[in-house]
Amino acid sequence: MHDLFATPRKTGFLIRLYRHRWARVLMLVLALPTALAFVVAIVLWQRFGTDRPVRYEQIEEHFKYGSTGGERESGFPYWVFTAMPAVCAHHLPGGWASLGFVFEDGKEMPIGMSMRNHQGIDRTFFNCAVCHVSTVRDTPDAKPRLVLGMPANTFNLFGFTKFVFDCAHDPKFAAEYVVPEIDRLMQEKGEKLGLLDRYVVYPVAVALMRERLLMLNGRFAPLMQDTEWGPGRNDTFNPNKILFNFPIHQLPERERNAPVDFPSIWLQKPRQGMQLHWDGNNIMAEERNKNAAFGTGTTPPTIDLAAIGRLEEWLLTLEPPKYPYPIDATKAAQGEKVYAEYCAECHGANGRSFSAPAGTEARACIDPKENESELYGAQVGKITRIEYIGTDRRRLDSFSYDLAVTLGTVYAGYPHRYCHYRKTFGYANAPLDGIWLRAPYLHNGSVPTLRDLLEPSAQRPQQFYRGNDVYEPAKVGFVSELAEQRGRKFFAFDTSRPGNSNAGHEGKRYGTELAPADKDALVEYMKTF
Amino acid sequence: MDSSRNEKRGKILSWLVVLLIIGAGLGFYGWYKFFREVPQEDWVTATPEMRFRYGSIGGERDAGIPYWIFYVLPRVFPEKLPGPGGYASLGVSWEQGRELPIGFTKKTVGFPRVGNTCAVCHTTNYRANPNENPVFINAGPGHTLNLVAFFRFLVDCAKDPRFNADVLMNEINLVTDLPWDDALAYRFLIIPMTKKRLIEREKQFAWIYRKDFPDWGRGRDDSMNLTKYFMLELPMDDSFGPDDIPPIWNLKKYSAPGTTMNHSGDSHDAYSVIIDSALGVVGAAPKDNDEFLGHIKWLQEYLSNLPPPKYPFPIDVGHAEAGKAVFDQHCASCHASDKTGRRMPLAGIDTDKERIGTWNKSNAIAANQVVTKMGIIRKGLVEEELVGYNPPFLDGIWARAPYLHNGSVPTLRDLLEPAENRPKLFWRGYDVYDQKNVGFIAQGAEAERVGTRHDTTQRANGNGGHLFGTALSATEKESLLEYLKTL
């Protein structure tokens, strides 16, 4: 100490200051709030700086309940999601299950809803499985059999969208109704709603969510007036336009009303190099997948590419389940010949042996000099022109050139900016693996069974019901004549509505003029796919 | 005492050094974040075709728009665009798989910015039928481009109170993850400055908001007024004369002595025209004249030797041969002679006169002075009053519809009709080709949806005059049309 006083020049500024009593007091006065602020910051950071997704080691669980990253930007607070059916009960009398979500025993959330604690609040939103998992039942009373990767035949995305918008508009979607319901639900589970959550977090969350939903509803409103999709379908590219904020009401009529069936997503590897999507507008699975991930609420900064990459890897070789009912081998053998003559050219040799023509591996980007006519032709994974296939053209027209080029801006600034989207003029020839689970048929799901598809469109059902998971082996498809079964109501599909036409894929070349026995044999054979 | 003074001096010195280092660091940081120029990606300049379409000519520095603002504007302000479809609704030529339309350049000057190049106005797209994707012709007239709507869009966005850091950053954060310092720069500097710069343009753009003038419509610009109000910064007068965007291929034809360029022969030579147009794109005096003139010389070389596009559909050779005789007798004296590309008085041609009123000798003198002051030597604008329109060379005429200097006649077939039989109302800017009439389809539901309405009774839109060939027989007209396809 003495030395210190003896060499004052070397004394530090703070130490010199410390010699004054007033300075010591001041320092103390300042230090206290600083320390306090520091502690508060740490607490807040721990409370609200979180980003913890649920994690599953097993890939199937990850697919069903894992996160794509969508909850960060678009997630519903878990407890608000759970409270919504009760708060807005008159908009959804049957609860979430009535929208055709698939629930597994012992799980709180349906398949296809993932969880992430983000910014201090458990959030939930869609993942891929919501549209690509469904169930099959042998009889109305049988236990549903879960199939991963098949089209979500029972899930009503239109109904879901309509409900959340209706609920957001409802005066009851406010903290004073939502928070007590959350409180009640938590008490049921023996949990307790904290003071911070009760008075700050959830009131703010509800207000923000309401604001966001009303904004989205403003953009979606014209689409909600279009042909109702019904279960198992969605309009893919008009919502995509909403992402770019194209004013939907200004679009030409022909681009509207473009619902299509959810596709199966298994066996991606043999599809490499094929024109993907119903109209074959992209050759890159990764671009298609990222674009589908927008539907799970992701944005370029928030998408979880590692999680999606895991799924992409798994889907390369995921096999569709084998047809579980008896197959008449003689009939099937006879059908094989018919298939070879009529179907194999466009759809591949059979349900497993198909792959893109050599030399069509995904390439760097669209080359402006390439010859587009090479994309078309009677080959699996190529495109058949609309004049020839003659199916409903709404989906084709909904993907406009303007949209194709605008998609070239997506993920700008990232190494994976889209550069493969293109406008096409027909529908792609799809491989038929697991075709028995992909009913109803055609891109817009307008023909309930395979057997119906082999009839000319005039003889195909003009009206049928979608959303039943009870299987009908005789015609290969789901039961489609019943409006209601065991209290479950199905969706009346009217083929006269815009976008729902069941015309096309007909005529001699398409097998609709075959003898009935040949048609039966063909259907029998396709059960083996 | 001495040692302590020295020590004090040393201390001050070391503080100065520290400050200097900090200052230099900050300076470098500022330069790096706001002024550092990074060359465009290699593919841009890999081929002349690509360089023409996407290569920078320096338009990002002053006229450029910060990339992320450019990116989100159509999402934030879709109601200010002419239709649904983002920038595509402006009729830009846009190749599939590209991040930006043709004629839009992306370059980092401190931060990524979007500028323009000649190709934005000088690329033609056409389709054989609606079930086909467009083909793009470098250096052709941009007949689909709604340039006035683009100008208005930027100004209208900037004037909107929602053009602010909160709204734009909100949208930007949905599409990219900016580093924190870039986000701060956007919020506090780039967005406010862009807003200010764009609003400053409004005064000079006053005439495109005038209710008593019709829209330019797709494929046209009021070129001489643009020069007057932007380069010369003159007060708005009452003139109005939008003209068709011209093709700029095969410029070597203008090396013939006596030829002048632009619709009225307002400029001496290709070098001058390219410089003056490029100055419009760059939006200010070039930062570096050598670099700028390097771009100009490359463009001149490329465009001089770029051949006009061949007619891409079948031609009846026999008919075309018969048509050549008709052409030689009725058209060649103006369009393939020593009169072609030279000044010609309006009397006897009698096409719409408004465009002539948009420019005069004193404008030409003033504009030449401005460019000379920049230190750029060129032959420049013709310092004479305008007298009429130059009879144009007809190379690639099939791709240059609509016709006449003001694009008031949709097809060549219509042009061979007397004025009263030419369409009084049609739609410009639809890209499906009309092989029968030689031009673009200009009527019908799709043309009306995509195109802009051209009413020939409106100011500067008149379709009168140039009655040459209108008295030919039906067969002669047919043959002539077939021959014109071969040019």
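Chain B holds 16 helices and twelve strands, where helices (H or I, at least four residues) and strands (E, at least two) are DSSP runs numbered from the N terminus. This is a predicted model, in which local features need pLDDT of at least 70, side-chain atom pairs count only at pLDDT 80 or more, and totals for chains, interfaces and linings use all residues. Residues are numbered from 1 along each chain as its sequence is written, while chains are lettered from A and ligands numbered from 1 in the order in which they are written.

### Chain B as a whole

| Property of chain B | Value |
|---|---|
| Radius of gyration | 26 Å |
| Span of the C-alpha trace along the principal axes | about 110 × 45 × 45 Å |
| Distance between the centres of domain 1 and domain 2, over C-alpha atoms | 47 Å |

For 487 residues a compact globule would have a radius of gyration near 23 Å, which agrees with the 26 Å of chain B; the radius is taken over C-alpha atoms, and the globule rule is 2.2 Å times the number of residues to the power 0.38. Of the 487 residues of chain B, 44% are buried, that is, 20 or more other C-beta atoms, placed from the backbone, lie within 10 Å of the residue's own.

An automatic or database domain assignment gives domain 1 (1-34) and domain 2 (35-309 + 332-373) of chain B. Four residues of domain 1 of chain B are in contact with five residues of domain 2 of chain B, a contact being a pair of residues whose C-beta atoms, placed from the backbone, lie within 7 Å.

### Where the chains meet

The contact between the chains takes 30 residues from chain A and 24 residues from chain B. On the side of chain A that touches chain B, the residues divide into 17 nonpolar, eight polar and five charged, with Ala, Val, Leu, Ile, Met, Phe, Trp, Tyr, Cys and Pro counted as nonpolar, Asp, Glu, Lys and Arg as charged, and the others, Gly among them, as polar.

### A helix and a sheet of chain A

Helix H12 (residues 285-294) of chain A is largely enclosed by the rest of the structure, because seven of its ten residues are buried. Among the buried residues of H12(A) are A:Glu287, A:Arg288 and A:Lys290, and the cover over its buried residues includes helix H13 (305-317) of chain A.

Chain A also has an open sheet of four strands in the order E1-E3-E4-E2, with antiparallel pairing, where two strands pair if DSSP finds at least two bridges between them. Strand E1 (51-53) and strand E2 (76-77) of chain A stand at the edges with a single partner strand each, so one side of each is left without a neighbour in the sheet. E2(A) pairs with strand E4 (residues 121-126) of chain A in the antiparallel sense over two bridges, and A:Phe76 stands opposite A:Thr124 in E4(A).

Note on methods
Two residues are in contact if their C-beta atoms, placed from the backbone, lie within 7 Å. A residue is buried if 20 or more other C-beta atoms lie within 10 Å of its own, exposed if 12 or fewer, and partly exposed in between; C-beta atoms are placed from the backbone.
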